[in-house]
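Have the sequence and model at hand.

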Amino acid sequence: MLPLDVPIDPQTITQAVRFVDLTGVLFNAILGGVMARSENMDPVGFVTLAICSALGGGLIRDTLMQRGTPVALVDGAYFTVALVGAAIAFAIPITHRFWDLTFPVIDALALGAWAAAGSQRALVHDFSPLSAILLGTLTAVGGGMARDVLLRRIPTVFGGNTLYATSAMAGSLVTVLVWPTGHHTVAMVASVAVGSGLTLGAIWRGWTLPLAFTWQPRSAVGSLPRPSWWTGATPPLRRRRRRKNSRLNRDTAEDRRD
C-alpha cells in the first residue's frame, strides 16, 4: 500500500476523477461515432462503436480489478454520455479539414483523461504502482482496441503509428509518482497534461517507437571459409537435376545430328 498523507475511502472516487473519466467517455464516444460514419453504418453501428470505444477500456479495467460491478454498469451517467457522443457524431457531419484539426486534440485529451482516471482508481483501491500503471494504460487504450477489432483492423496501439500506449504509460507513471505526496488533484492534472501533451507532440512531430529490424552478428566466424552446402550454394538435389537435364539435352542434340 502506498503511503498517503490524506486518507481516502477505497469505496468512493472523487468527483474530479469521475469528471475526468466521463470526459474521456464523451471524447472516445465521438471518435467511435466518427469511425462508424466513415464505414457508412446505421444508428445501431454508431451506438455500438461509440459504446465499445467509450466504455471498453473502463470495463476491462474494472473487471481486472475485481472490486465489484464495473462502474459503467452501475453509474448511468457513463452510458448516457456515450450515447450523447454517438448522437453528436451521427447528427453533425464532420468535414475532413475539421476532423484533421480536432481529432488529435480530442484523442489526446481522451487518452490523458483515462490514463489519469484509471491509475487513480487503482491507487484508491490499494493496488501496487506497477498495477496502477498497467490499469491506467488499459483504460486509455482498451476501448480503441475493441473498436478496431470490431472494424476488422489491427489495433493502432500495436505499432506503425505515433506514440499512444507509451503516452498512456507516461501519464499513469506521473500519477504513481505524485500520488504518495497526498496532492491528488495535482497528480490528476499532471497525469492528463503529460499523457495528452506527449500524444500531441508525437502526432505533430511524428514520434514513433523503433520497429524490429533484421541484424546479423559480426564476429570472426563470419570470415571463416564456408562449406559448399552453405547458404548461397546450389543444393545437392538441384545440382543432380541440372546434371541429369544437361545429359538429356546433350543426348537429344546428338540424336538430332544423327
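Helix 1 (15-38), helix 5 (96-124) and helix 6 (129-150) each supply at least two residues of the largest pocket's lining. Helices here are DSSP runs (H or I, at least four residues), numbered from the N terminus. Helix 6 gives the most, with six residues. The lining has 20 residues; nearest the centre lie Phe103, Asp107, Arg147, Thr156 and Tyr164. The space in this pocket is about 420 Å³. A pocket is an open set of points on a 1 Å grid over the protein atoms alone, where a 1.4 Å probe fits, with protein on both sides within 12 Å along at least five of seven lines; lining residues have an atom within 4 Å of a point. The volume is the space filled by probe spheres set on the points.

The model is predicted: local features need pLDDT of at least 70, side-chain atom pairs count only at pLDDT 80 or more, and totals for chains, interfaces and linings use all residues. Residues are numbered from 1 along each chain as its sequence is written, and side-chain values use heavy atoms, without hydrogens and water.

Thr137 is in helix 6. Its contacts (heavy atoms within 4.5 Å) include Ala165 and Met169.

One aromatic pair is counted. The ring centres of Phe46 and Phe90 are 5.0 Å apart and the planes stand at 90 degrees, so the pair is edge-to-face (centres within 6.5 Å, planes over 60 degrees apart). Phe46 is in helix 2 (residues 43-65) and Phe90 in helix 4 (residues 76-91), so the pair ties together parts 44 residues apart in sequence.

Burial is by relative accessible area (1.4 Å probe, protein chains only): buried under 20%, exposed over 50%, partly exposed in between.

| Residue | Relative accessible area | Class |
|---|---|---|
| Thr137 | 10% | buried |
| Phe46 | 4% | buried |
| Phe90 | 43% | partly exposed |

Conventions. Rings of Phe, Tyr and Trp (its six-membered ring) pair if their centres lie within 6.5 Å; planes under 30 degrees apart count as stacked, over 60 as edge-to-face and the rest as tilted. Lists of a residue's contacts leave out its neighbours within four places in sequence.
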